[in-house]
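I opened my notebook to look up a few places in this chain. Here is what I wrote down as I went.

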Amino acid sequence: MSQVEVSADATKTKVAEEIKFDILAGVPAGGNELKRSQIARTFICHSIVSVPTKEMYAYALLASLGDDVYHEPSTMQVALETHVAKITGKEAGLFMPSGTMSNQIGLRTHLMQPPYTILFIMIFYCRYEVGGAGFHSGAALTPVIPSNGHHLTRKDVENNIIYGPDVHFAPTEVIALENTLNGTIFPQDEIIAISEFARSKGIKMHLDGARIWHVAAETGTSLHELLEPFDTASLCFSKGLGAPIGSCLVGPKEYITRARRIRKLFGGGMRQTGILAGAAAYALTHNFPLLHRVHALTIKLQKSFEDIGVTILSPAETCMIFYDAASIGSTYDEIAERGEALPEPLFLGGSRVVLHIQTSEAAVDDFIKLIATIAEEKRKAGFVNSAVQANGHQDVYVRRTH
């Protein structure tokens, strides 16, 4: 081998050394088990904290190979899309990396020619998807606060819909609802009434069904029936079900074909998605049945809080409660800091308390004890509850300041 060849090989070896990276080298022994134990004591959010189990990993690794962009029939993603479409009563489905992308592409696919408006229930689409509908779709937005403080009614929609010949206004093209919203269940009869009105005006109905699994589990209603009033829907595999990633957009076949192109435009085309689809399929089979336990623990937590004297801003119907820390003379920061200081720490956010399939009953009991201890300390210090109550459908989601 010549000196030039030796030098070239050395250079290539140096480049390879610079590039290589052992990501596992910095992972402490037992790190994942420690994380799982912390997840069991975390009440912040079910989509960002619940983690895949060893069993889910093992199942996902058996997934077949296949390219998503080319929609190869061998990939498990196609099977997953077909299954979700079937159980929701829709013609086709499309796997998405996230719920935000699924909703935004879902809306964009409906909107063909501006000007147009999207009517939706305050708060999610407006605040927590980064104004995406305006950015991605150029849509005007009509946020509506429910007059009954719980859910939109047909009357709310009729009073806020934009249609007719007046050229000063962008007509409503889509009504976007969410079920559950802040953990509360949208009455099906009201959804049907809104849908009948929308269809009488040629307006499309889209559902953010990130947590629709909770509605199905709590009410025993099939997804087919729950989604029948909607033209399209987005369902999340991570929120509630514990998959690491993914949502599915469902709707008519022609609509999904168009959405697939828009997903590619938005940078959402993926390659080997079989592992992700395998994890989602595992979640549907093994984690959905666990939601009943989650709801029971949530009710237990709320009743205990009420017995202590905590004001509940939005009561438990599925997996969430919203409470007022000031009603026991405390703050969310103080409660969270006290929780983190426990021998087995609790991880808490603001007013929203979210339980999930990996929440332990011991963690719920410790949270109740913590609140009871703080409430008693404040009472002994002279605090008197001013009986603060929720005012209509205010945004009860108060985040921590630190």
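**Entry 1: helix H17.** I began with the exposed side of H17, where I found Lys-369 and Lys-380. This is a predicted model, so I am reading a prediction throughout. On the other side from those two lysines, I listed the buried residues of H17: Ala-363, Val-364, Phe-367, Ile-368, Leu-370, Ile-371, Ile-374 and Ala-375. Looking down the helix axis, I saw that these buried residues fall within an arc of 160°, so they line one face of H17. I reminded myself of a general point: an α-helix has 3.6 residues a turn, so residues three or four places apart point the same way.

Next I checked the length of H17. Its 20 residues should span 28 Å at 1.5 Å a residue, and the end C-alpha atoms are 29 Å apart, which agrees.

What covers the buried residues of H17? I found that the cover includes H15, S9, S10 and helix H16, which runs over residues 332-340. Just after H17, I noted Gly-382 with a positive phi of about 105°.

**Entry 2: helix H15.** H15 takes in residues 291-308, which makes 18 residues. From its first C-alpha to its last it reaches 26 Å, close to the 26 Å expected at 1.5 Å a residue.

I then looked for its buried residues, and among them are Leu-291, Val-294, His-295, Leu-297, Phe-305 and Ile-308. Just after H15, Gly-309 takes a positive phi of about 115°.

Entry 3: I looked up Thr-172 and found it in strand S4, residues 172-178. Is Thr-172 buried or exposed? Thr-172 has a relative accessible area of 5%, and the cut-off for buried is under 20%, so I wrote it down as buried. Leaving out residues up to four places away in sequence, Thr-172 touches Thr-117, Leu-119, Ile-161, Ile-162 and Ile-203.

My last stop was Pro-143, which sits in strand S3, residues 140-144. Pro-143 has a relative accessible area of 36%, so I noted it as partly exposed. I also checked Pro-143 against Ser-234, 91 residues apart along the chain, and their C-alpha atoms are separated by 19 Å.

Note on methods:
Residues numbered from 1 in each chain as written. Predicted model: local features only at pLDDT ≥ 70, side-chain atom pairs only at ≥ 80, totals over all residues. Heavy atoms only, no water. Helix = DSSP H or I, 4+ residues; strand = E, 2+ residues; numbered from the N terminus. Buried < 20%, exposed > 50% of the residue type's maximum accessible area, 1.4 Å probe, protein only. Contact = heavy atoms within 4.5 Å. Expected span 1.5 Å × (residues − 1). Arc of directions from axis to C-beta.
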